[in-house]
Amino acid sequence: MEKEVEGESSRVAMPPPNTGNLITILTIDGGGIRGIIPGVILAYLESQLQELDGEIARIADYFDVIAGTSTGGLVTAMLAAPNKDKRPLYAAKDITPFYIEHSPKIFPQISGLFAGAINLTKMINGPKYDGKYLHALIKRLLGGTRLHDTLTAVVIPTFDIKTLQPVIFSSYEANSKPDLDAELADICISTSAAPTFLPAYCFKTQDAQNKDREFNLIDGGVAANNPTLIAIGEVTKQTLMKHEDLFPIKPMDYGRF
């Protein structure tokens, strides 16, 4: 469905899942530079949707939930974060060029006779890469956008190395739990912090009582490299809690997924 706004086409916001027959969930695995693979697949999917609904069609217009782990979390944010016009920040066709452009700077390679020994020493003494370029890139890309700002619901897992527990950042909980309504940049840096390759990431948020909550997070792949079950579990939990977008869908009605 489309409407005209100030002479330009703009898609109407997707209706909540409880108004349709299916809950559509897109999940994107981790894998570092291999984020190019889902980038290619999603670009093809989006191009086919554009043949049906026009050039303005974007992946976020068709999925109730997008979940991603590690580099998949970054792709999730690129697809669901809003730009200044309240449309997705990136088209799917732009994801692969993004990785091709920035990956050599995120993962700089050492060449020469002693490259192997130098890389081994780095991995023994700490992360192979310092992550500075990646952190600056993600913060510049996403700015101050928070979890509740996404154009469709997102679910991004991480793992806290101090509590030794997974931390799931979910749009469904962003409003009721302010301490989980973190900036997307912090969430993406955290879920991309692959052990031995990139350093753990620390940041703070505040809860409803304005008390600080500290996160010390690494790659979401430690908890769930394939985020499919995490996404389905989150939707199931929200149906049990009778979330307004999902009620009266029943928790065990898996035929709707």
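This is a predicted model: local features need pLDDT of at least 70, side-chain atom pairs count only at pLDDT 80 or more; totals for chains, interfaces and linings use all residues.
Which residue takes a positive phi in the hairpin of β5 and β6? Residues are numbered from 1 along each chain as its sequence is written, and side-chain values use heavy atoms, with hydrogens and water left out.

**View 1. The hairpin of β5 and β6.** Leucine 164 is the residue to look for: its positive phi is near 55 degrees, and four residues lie between the strands. Helices (H or I, at least four residues) and strands (E, at least two) are DSSP runs, numbered from the N terminus. Strand β5 (153–160) runs antiparallel to β6 (residues 165–170), with six bridges joining them. Here aspartate 160 has glutamine 165 of β6 as its bridge partner.

**View 2. β5 and its other partners, β4 and β8.** Two strands pair if DSSP finds at least two bridges between them. Strand β4 (residues 65–68) runs parallel to β5 and is joined to it by three bridges; isoleucine 66 is partnered with valine 154 of β5. With β8 (residues 212–218), β5 runs antiparallel through two bridges, and aspartate 160 stands opposite leucine 217. Eight of the eight residues of β5 are buried (under 20% relative accessible area, with exposed over 50% and partly exposed in between, using a 1.4 Å probe and protein chains only). One side of β5 holds Ala153, Val155, Pro157 and Phe159, while Val154, Ile156, Thr158 and Asp160 are on the other.

**View 3. Helix α5 against helix α7.** The axes of α5 (residues 132–142) and α7 (residues 184–191) come within 9 Å and cross at roughly 150 degrees. Axes are lines fitted to C-alpha atoms, for helices over the stretch in contact, and angles run from 0 to 180 degrees between N-to-C directions. The two helices are therefore roughly antiparallel (angles over 145 degrees). Contact, meaning heavy atoms within 4.5 Å, is made by His135, Ile138, Lys139 and Leu142 of α5 and by Leu184, Ala185, Asp186, Cys188 and Ile189 of α7.

**View 4. Glycine 144 in the loop between α5 and β5.** This glycine 144 is exposed, at 51% relative accessible area. Its C-alpha atom is 9.3 Å from that of alanine 182, 38 residues apart along the chain.

**View 5. Cysteine 202 in strand β7 (residues 201–206).** Cysteine 202 is partly exposed at 41% relative accessibility. Leaving out residues up to four places away in sequence, cysteine 202 touches Glu214, Phe215 and Asn216.

How values were computed:
Angles under 35 degrees count as roughly parallel, over 145 as roughly antiparallel, 65 to 115 as roughly perpendicular and the rest as oblique.
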